[in-house]
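Biologist: Please walk me through a few helices of this model, one question at a time.

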Amino acid sequence: MNEVKRPKRPLIYYYGVIVLILLLFNLLALPKLSQWQVVEVDYGTFMSMTEDGQVGRVEIQEQENLILFTDQEETTVYKTAMVDDPDLTARLHDAGIPFYGQEIQQESPMLSFLLTWILPLLIFIAIGQFMSKKMMDRAGGANAMSFGFGKSNAKIYVKSSEGIKFSDVAGEDEAKESLQEIVNYLHDPSQYREIGASMPKGILLVGPPGTGKTMLAKAVAGEANVPFFSISGSEFVEMFVGMGASKVRDLFKQAKEKAPCIVFIDEIDAIGKKRDGQVGGNDEREQTLNQLLTEMDGFEGNNGVIILAATNRPESLDPALTRPGRFDRRVPVELPDLQGREAILKVHAKKIKVADQVDFHQIARMASGASGAELANIVNEAALRAVRNGRKYATQADLEESIEVVIAGYQKKNAILTDREKWTVSYHEIGHALVAALQNHSAPVQKITIIPRTSGALGYTMQVEEGNHYLLTQEELENKIATYTGGRAAEEVVFGTSSTGASNDIEQATKLARAMITRYGMSPDFDMVALESVTNQYLGGDSSLTCSMETQTEVDRQVVALVKREHAKATAILQENREKLDELAKYLYEQETITGEEFMEILNR
Ligand code: ADP
């Protein structure tokens, strides 16, 4: 879409005036000045020139103690210091030379007025304008000294033929369905008015970062062919109390003028956070929020202004903001599922050249858990890799490698592992894969590699989900924990010792075990009691315990027991399959990267 900034006072106008003035100055004054070349001469020369009748005019500047005179043609100005010469005036008079007590090179009064009054004024105005523009650009209008006080800096995206459409947003069908209604309404409000239905004033798009919330909002505007105002919540928060509120007012004023239109407020949690009534709370933010609430109440439904807002922390929003009549509809924009990922990959792959035989389904399976933004990044990385390798199009291998780049970073070319370390990593990774493969419920392995990555991983096992999993049974979760412990278990089985390589596994296993006990009710002792609440659902899922100290101790004990149990299970599996473990580890040690098929083939031999 074409981005058009809010119309401003045309700064170019001032620059134009300045240029004009300079031109005038050059045209009128400069030639005049340069015409008078001042040549310094001695008094004797002046006297003899007077006698010879070579002098045109004379100016006597007594204060400066100077005599200026011109030649007959008045092309050159001569200057000489005054000497005590009482007969001078009489001599000049006799010679018929006009003489004055003032300057010869009188500027025209108009020009001097322009130069002394108008020009400095204009320069000041221009500098002022320039500085204020700079400040507004830098501080997004948040500077107290800018002239743009309290103006909203929403950008207007005017409809255009290249506007983002729903078809550009892959997957997210449920979200698109809810938003389609808004598009229909903006197209033809009458059918809604007829029946007496009113559109929701505000729609909250919630979901993890990079799932396409901004894109969806733009797509609504693109589909409905209406102007699109976009502003980030943080842009409202100002240094001075009241500024944010005035920005909100300004934004709504602009929006009402342009109705029907879409106003999109990104990261609304920046202003919409719960007002907690603390002493010394954030006055500015609260005032801004109050203003937003008032504005939303103020305009009656069906006036054509639809507010979309995005956040990844819906739980932190003020309840007043999410009540019916304000943001009364909530559209979840979740991480894409397998199908969604495939569709997103295809949408982005259209922008680059890809080989014909690329299996996007396979890539989508490998990129489980990736957001739309990550998938876009994966496709772009693949294109970059293709260029690096001197190819004209990206291949399946490029895409697969770029998933690993996005997940684990680039290959570390010069990381030199000792032989012992390389063996340890091989056994560690095969340990994970073998435990996963031998418990039927675990997902099969896609790829195992022991090439160090810039993320610090010395190797990793890429598991692949066959399809979408929405529910996991207790057994499946336990198997997952066993798989996490499989790496360490293999090291112990083979080398009889442990290394630092398992820290991430330990973290993951503990997190899962804790969730099973505190949130999923999978501990016989606590039954269906929630001991933990998740606070940041879309941002990594932080959780806080909501139980007594005694219970916490018991939870810890049970977490340890659960992980220990699974660790023992993994160890037992590996001990039983020691031969396979050795065979696979040797193969991985030699090959450095093996695929899921190779792995299964050796396992089933
Ligand atoms: P959010 O606002 O949810 O953080 P954005 O809408 O800014 O995410 O998305 C970031 C980028 O990710 C987009 O520019 C787009 O390239 C890509 N993207 C995300 N979701 C999708 C999707 N469903 N379809 C296509 N591209 C997507």
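Biologist: Which residue follows H17, with a positive phi?
Modeller: This is a predicted model, with pLDDT of at least 70 needed for local features and 80 or more for side-chain atom pairs, while totals for chains, interfaces and linings use all residues. Numbering starts from 1 along each chain as its sequence is written, and side-chain values use heavy atoms, without hydrogens and water. Helices are DSSP runs (H or I, at least four residues), numbered from the N terminus. Phi is near 70 degrees at the residue after H17, Gly496.

Biologist: How far apart are the end C-alpha atoms of H17?
Modeller: H17 covers residues 474–495, 22 residues. The expected span is 1.5 Å times one less than the number of residues. That should give 32 Å, and the model agrees, at 31 Å.

Biologist: Where does H17 bend?
Modeller: The bend is the angle between axes fitted to the seven residues ending at a residue and the seven starting there. For H17 it is about 45 degrees, at Gly486.

Biologist: At what angle do H16 and H19 cross?
Modeller: Axes are lines fitted to C-alpha atoms over the stretch in contact, with angles from 0 to 180 degrees between N-to-C directions. The axes of H16 (residues 419–438) and H19 (residues 549–576) come within 10 Å and cross at roughly 95 degrees. That makes H16 and H19 roughly perpendicular (65 to 115 degrees). The angle asked for is roughly 95 degrees.

Biologist: Which residues of H19 make the contact with H16?
Modeller: Contact means heavy atoms within 4.5 Å. H16 contributes Gly431, Leu434, Val435 and Leu438. From H19 come Ala570, Ile573 and Leu574.

Biologist: How are the rings of Trp423 and Tyr427 arranged?
Modeller: Rings of Phe, Tyr and Trp (its six-membered ring) pair with centres within 6.5 Å; planes under 30 degrees apart are stacked, over 60 edge-to-face, the rest tilted. Here the centres are 6.1 Å apart and the planes at 35 degrees, so the pair is tilted.

Technical notes. Helix = DSSP H or I, 4+ residues; strand = E, 2+ residues; numbered from the N terminus. Parallel < 35°, antiparallel > 145°, perpendicular 65-115°, else oblique.
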